[in-house]
Amino acid sequence: MAAPMLGLLKAELPLQEESLLISASKKTGLVLVDIVNGFCTPGAGNLAPTQPDKQISDMVDESVGLARIFSEKKWPILAFLDTHQPNKPEPPYPPHCIVGSGEENLVPALEWLQKDPNVTIKRKDCINAFVGCIEKDGSNSFVDWVKNNGIQVILVLGICTDICVFDFVATALSARNCGLLPPLEDVLVYSQGSATFDLPLHVAQSIEGANPHPQEMMHHMGLYFAKLRGAKIVKEVSVFPLS
């Protein structure tokens with residue numbers, strides 16, 4: 001039943017994805033959302049997959065590949081890491097990515113980002129990374145990152161497509177529309193570089209307070225709603241020149 005429903009969903013709500021060719025003619029920044037153990041590494045925590053998950057592992061692989069390219073070209077990279085204090089819950093979700101647990105750290109394949117001088121690491125304690133960038137003095141570190149690097153386009157990858165990725169993208173678009181993010185022009189979401197979790201109906205029914213979350217459907221809906229808000233959805237990314 002799930003496959004026909006997914007097919008119908010994609011037929012009725014098509015994404016019309018684009019291909020992206022990144023060049024030096026337009027300053028592009030790479031944004032990685034919550035590619036941490038607590039969401040990506042099997043068995044790492046309450047919100048991690050219980051077993052290897054292809055959509056998530058593909059997202060990690062795509063993120064690593066693009067991060068390597070951006071690093072080699074010394075293009076700006078911003079990595080958000082979901083990080084929580086033990087006494088500060090985030091309903092409706094169970095405790096996750098608690099400081100010191102290891103869940104809050106980058107997946108092993110991206111740990112090298114922490115030593116790359118071209119990378120900005122920002123820990124956030126809320127779903128929406130834009131909100132998580134609000135500093136005590138009222139400034140916003142994401143806004144500053146865009147302005148200081150003269151970024152015209154952001155390419156967003158990460159997890160979860162329909163939660164943290166979507167919230168960040170929607171807020172960034174609103175900020176851009178209000179003139180708060182110069183010189184940002186476009187927000188792009190890479191469909192193969194984003195992922196979400198899977199919680200089938202029969203599993204959700206056995207967990208008090210849980211809501212079903214079919215992975216492929218919710219991934220598609222996250223991308224679709226991002227597109228409705230003004231994001232461009234890209235299905236493939238290439239860089240020119242390659243050398």
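Is Glu72 buried or exposed? Glu72 counts as exposed, at 64% relative accessibility; exposed here means over 50% relative accessible area, buried under 20%, and partly exposed in between, with a 1.4 Å probe and protein chains only.

The model is predicted, so local features need pLDDT of at least 70 and side-chain atom pairs count only at pLDDT 80 or more, while totals for chains, interfaces and linings use all residues. Residues are numbered from 1 along each chain as its sequence is written, and side-chain values use heavy atoms, with hydrogens and water left out.

1. Glu72. This residue is found in helix 3. Helices (H or I, at least four residues) and strands (E, at least two) are DSSP runs, numbered from the N terminus. Between Glu72 and Asn118 there are 9.5 Å in space, C-alpha to C-alpha, and the two are 46 residues apart in sequence.

2. The core. The largest nonpolar core has 70 residues. Such a core is a set of buried Ala, Val, Leu, Ile, Met, Phe, Trp, Tyr and Cys residues joined through side-chain atoms within 4.5 Å. Phe142, Ile154, Leu155, Phe168 and Val169 have the most contacts inside it. Helix 6 (residues 161–177) gives the largest share of this core, ten residues.

3. Phe168. Leaving aside residues up to four places away in sequence, Phe168 touches Val31, Val33, Phe80, Asn128, Ala129, Phe130, Phe142, Ile154 and Val156. Contact means heavy atoms within 4.5 Å.

4. Strand 3. Why is strand 3 (residues 77–82) largely enclosed by the rest of the structure? Six of its six residues are buried, so the strand is largely enclosed. Ile77, Ala79 and Leu81 are buried on one side, and Leu78, Phe80 and Asp82 are buried on the other.

5. Pairing of strand 3. Two strands pair if DSSP finds at least two bridges between them. Strand 2 (residues 28–33) runs parallel to strand 3 and is joined to it by four bridges; Val33 stands opposite Phe80 there. Strand 4 (residues 119–124) also pairs with strand 3 in the parallel sense, over six bridges, and Leu78 stands opposite Thr120 in strand 4.

6. The largest pocket. What is the volume of the largest pocket? The value is about 940 Å³. Pockets are found on a 1 Å grid over the protein atoms alone: a cavity is a set of points where a 1.4 Å probe fits but cannot get out, and a pocket is an open set with protein on both sides within 12 Å along at least five of seven lines; lining residues have an atom within 4 Å of a point. Grid points are joined across faces, edges and corners, and a volume is the space filled by probe spheres set on the points. The lining has 33 residues, of which Asn46, Leu47, Phe197, Asp198 and Leu199 lie nearest the centre of the pocket. By class, 21 are nonpolar, seven polar and five charged. Ala, Val, Leu, Ile, Met, Phe, Trp, Tyr, Cys and Pro count as nonpolar, Asp, Glu, Lys and Arg as charged, and the others, Gly among them, as polar.

7. The second largest pocket. Its volume is about 270 Å³. Of its 14 lining residues, Gln55, Ser191, Gln192, Glu216 and His219 lie nearest its centre. Helix 3 (54–72), strand 6 (186–195) and helix 8 (215–228) each supply at least two residues of the lining, and helix 8 has the largest share, four residues. The lining divides into three nonpolar, six polar and five charged residues.

8. Backbone points to check. Most residues other than glycine have a negative phi, and most peptide bonds are trans. A cis peptide bond joins Ile159 and Cys160, with omega of about 0°; Cys160 is in the loop between strand 5 (153–159) and helix 6. The bond from Pro182 to Pro183 is also cis, with omega near 5°, and Pro183 is in the loop between helix 6 and strand 6.

9. Positive phi. Gln16, not a glycine, has a positive phi of about 50°. Gln16 is in the loop between helix 1 (2–12) and strand 1 (18–22) and is exposed, with a relative accessible area of 61%. Cys97 has a positive phi near 50° and lies in the loop between strand 3 and strand 4; at 0% relative accessibility, Cys97 counts as buried.
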